Amino acid sequence: MKKLVLTLVALIASAGVAHAGQYLQASSSVTQCPGTAPEVVAMDIIDAANGIDMANNQITVGKAGPYLIFAAPQVGREGGGPYGCFDLWLRVNGADVGNSNVQLCQDEGSLAKDVIISQGIVPMEAGDMLEVMMSASNPDANICIEAIQPDGEPLVPAIIFSMIK
């Protein structure tokens, strides 16, 4: 999985982010545990931005065109729990984006952590509003997106979100 993420980072870098007209990278320092109803993923850090605005976890694009989007949450749980699944997908102007959902299911008692990636090219119009959504099939399973602060290392954000036109 690390190799895939590093390859994606290299791909974005080679696309000339410094010369891109529109881009955003945001992340979250907060662990979030969804219920069964769809919830907006909270992102409280803007790592880099140009021409794309984010306010109240809503991302607004300034120019029409195709956007390459990556939403990569750190999914896990601190304690064991029953079987359950976590879903994450994109929503534009209140409508779910087709084929953007990713899912991670955990067996009873599992403490595994993983990064799942929703990625795609999404055509958008100027002023369109994008949200990253999440839900859980069984909230009692306590499957969350986790922000982890290892000693002496950078934060593992609950999610890293990147988009570029």
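Analyst: Asp96 counts as partly exposed, because its relative accessibility of 47% lies between the limits of 20% and 50%. This value, like the others here, comes from a predicted model. Asp96 forms a salt bridge with Arg91, and the closest N and O atoms of the pair are 2.7 Å apart. Arg91 has a relative accessibility of 18% and counts as buried, because buried means under 20%.

The structure holds two salt bridges. Another pairing is that of Lys113 with Glu146, where the closest N and O atoms are 2.6 Å apart. Lys113 lies in the loop between strand E9 (102–106) and strand E10 (114–115), while Glu146 lies in the loop between strand E13 (144–145) and strand E14 (159–164), so the pair ties together parts that are 33 residues apart in sequence. Lys113 is partly exposed, with a relative accessible area of 40%. Glu146 is buried, with a relative accessible area of 3%.

Arg77 is a further charged residue to look at. Arg77 sits in the loop between strand E6 (65–76) and strand E7 (84–92). With a relative accessible area of 1%, Arg77 is buried. The side chain of Arg77 reaches the backbone oxygen of Asp107 at 2.6 Å. Arg77 and Ser110 are 33 residues apart in sequence, and their C-alpha atoms are 8.3 Å apart in space.

Key. Residues numbered from 1 in each chain as written. Predicted model: local features only at pLDDT ≥ 70, side-chain atom pairs only at ≥ 80, totals over all residues. Heavy atoms only, no water. Helix = DSSP H or I, 4+ residues; strand = E, 2+ residues; numbered from the N terminus. Buried < 20%, exposed > 50% of the residue type's maximum accessible area, 1.4 Å probe, protein only. Polar contact = N/O pair within 3.5 Å; in protein donor to acceptor, adjacent residues only side chain to side chain. Salt bridge = Lys/Arg side-chain N within 4 Å of Asp/Glu carboxyl O.
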